[in-house]
Amino acid sequence: MPSEMTVADLMTTDVVTLIEDETLAHAQRCMARGRIRHLPVVRDGRLVGLVTHRDLLAASFSIFAEVEASEQRRVFDTVRVVEAMHRDVVTVSPGLSVSKAARILLENKYGCLPVVDDEQQLQGIVTEADFLRLTVQLLP
């Protein structure tokens with residue numbers, strides 16, 4: 001892999017995002033529609049959190065352990081993203097080398113790294129799938 005390859009060369013820039021006031025039901029629909037597992041949460045373009053497919057599953061189990069399906073849907077329609085999102089999100093800059101970003105993902109078992117500029121404005125996202133695609137391209 002060329003040493004000059006950066007996160008900017010690999011990241012997805014057309015990112016589906018959420019705002020804090022949207023519901024978990026909306027997040028779930030976005031993930032299903034886009035077949036994606038990570039949704040950055042933004043305020044005025046700045047990254048403020050992250051909701052993952054795993055977060056939605058965890059919320060389902062904790063909220064719905066003893067609740068009927070209709071009540072489950074109603075609760076998911078009322079719980080806001082801000083109540084379930086991760087706030088301490090590890091991010092990377094567009095200029096970081098791909099190898100360093102891959103190491104961060106691997107060592108921390110993250111599924112994605114939001115890409116932000118110096119003002120925390122979301123620029124894109126790099127995911128495990130992006131690295132898998134790159135690997136397939138590089139294999140003979």
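# Salt bridges and a hairpin: worked exercises

Glutamate 20 is buried, with a relative accessible area of 14% (buried means under 20% relative accessible area, exposed over 50%, partly exposed in between, with a 1.4 Å probe and protein chains only). This is a predicted model, in which local features need pLDDT of at least 70, side-chain atom pairs count only at pLDDT 80 or more, and totals for chains, interfaces and linings use all residues. Residues are numbered from 1 along each chain as its sequence is written, and side-chain values use heavy atoms, with hydrogens and water left out.

**Exercise 1.** Find where glutamate 20 is located and what it touches.

*Solution.*
- Step 1: Go to the loop between helix H1 (7-10) and helix H2 (24-34); glutamate 20 is there. Helices (H or I, at least four residues) and strands (E, at least two) are DSSP runs, numbered from the N terminus.
- Step 2: List the contacts (heavy atoms within 4.5 Å). Leaving out residues up to four places away in sequence, glutamate 20 touches Val41, Arg43, Val48, Arg80, Val81, Val82 and Met85.

**Exercise 2.** Identify the residues that form the 3 salt bridges of the structure.

*Solution.*
- Step 1: Apply the rule: a side-chain nitrogen of Lys or Arg lies within 4 Å of a carboxyl oxygen of Asp or Glu. Side chains of opposite charge can pair when their charged atoms come close.
- Step 2: Take arginine 43 and glutamate 20, whose closest N and O atoms are 2.7 Å apart. This pair links distant parts of the chain, 23 residues apart: arginine 43 is in strand E1 (residues 38-43), glutamate 20 in the loop between H1 and H2. Arginine 43 is partly exposed at 44% relative accessibility.
- Step 3: Take glutamate 128 and arginine 37, which meet at 3.1 Å, N to O. They too link distant parts of the chain, 91 residues apart, with glutamate 128 in helix H6 (residues 128-138) and arginine 37 in the loop between H2 and E1.
- Step 4: Take arginine 133 and aspartate 130, at 2.7 Å, N to O. Both lie in helix H6, 3 residues apart, about one turn of the helix. Aspartate 130 is buried at 4%, whereas arginine 133 is partly exposed at 48%.

**Exercise 3.** Describe how strands E3 and E4 pair.

*Solution.*
- Step 1: Locate E3 at residues 112-116 and E4 at residues 122-127.
- Step 2: Note the antiparallel sense, over 5 bridges (strands pair if DSSP finds at least two bridges between them). Valine 116 stands opposite leucine 122 in E4.
- Step 3: Look at the turn. The hairpin has 5 residues between its strands, and glutamine 120 in the turn has a positive phi of about 65°.
- Step 4: Check the cover of E4: 5 of its 6 residues are buried.
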